[in-house]
Amino acid sequence: PILASAHESGCIRLWSSQGDLMKELLPFSKDPSGPLTVLCTDISTKMLLAGSKEGYVICWNIASFLEDSQNKKKQVKEKLCWRAHNTEVVDLFHEEEKNVVVTASIDGSVRIWHADSGYYFGYFGQSRKFELSDTNRLILPPDVKNFTAIIKEESKPMEKKVEYPLMLDKEK
């Protein structure tokens, strides 16, 4: 078993059941996702989803890492990141059969998204039926101004880079 913890810095840490840090995940996105507020996985534990204080949803593919978590070369790839709400995401879950992600925010809205693309299907309480088969039509919630889903599946995973901006320069 692996334990996942979400942090205010925006990273996720994966721990062994003995308490050893196994992996640290940092978001790829150029848009700051902010502090993470909620985590979940799909039933088969292939995807790890996180919601943030800034309203983003980030999805990682963790299947290959979990198959052989002792192998340090196994990478966890960020699959997708999108803006789901303008306010904090307080809960989310992945419904595997329909391949949707349901998000809830502190603004009281509950929204449905396509899990593979981040496309918006609608919100609970709307007058029209959800068209979960139509993933080609791009619609947005009224408070999200532009489509910011970033698919990173083929990108090289981000490694943590430590920067030391304050360095002693003896010549100065």
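Colleague: Which residues touch the most other members in the largest nonpolar core?
Modeller: This is a predicted model, where local features need pLDDT of at least 70, side-chain atom pairs count only at pLDDT 80 or more, and totals for chains, interfaces and linings use all residues. Residues are numbered from 1 along each chain as its sequence is written, and side-chain values use heavy atoms, without hydrogens and water. A nonpolar core joins buried Ala, Val, Leu, Ile, Met, Phe, Trp, Tyr and Cys residues through side-chain atoms within 4.5 Å; buried means under 20% relative accessible area (1.4 Å probe, protein chains only). Of the 15 residues in the largest core, those touching the most other members are L49, V57, W82 and L92.

Colleague: How is the aromatic pair of W82 and W113 classed: stacked, edge-to-face or tilted?
Modeller: Rings of Phe, Tyr and Trp (its six-membered ring) pair if their centres lie within 6.5 Å; planes under 30 degrees apart are stacked, over 60 edge-to-face, the rest tilted. Here the centres are 5.9 Å apart, with 50° between the planes, so the W82 and W113 pair is tilted.

Colleague: Which residues do ring pairs link into a cluster?
Modeller: W82 in β7 pairs with W113 in β10, so parts 31 residues apart in sequence are tied together. The rings of W113 and Y120 also pair, with centres 5.0 Å apart. The cluster is W82, W113 and Y120.

Key. Buried < 20%, exposed > 50% of the residue type's maximum accessible area, 1.4 Å probe, protein only. Helix = DSSP H or I, 4+ residues; strand = E, 2+ residues; numbered from the N terminus.
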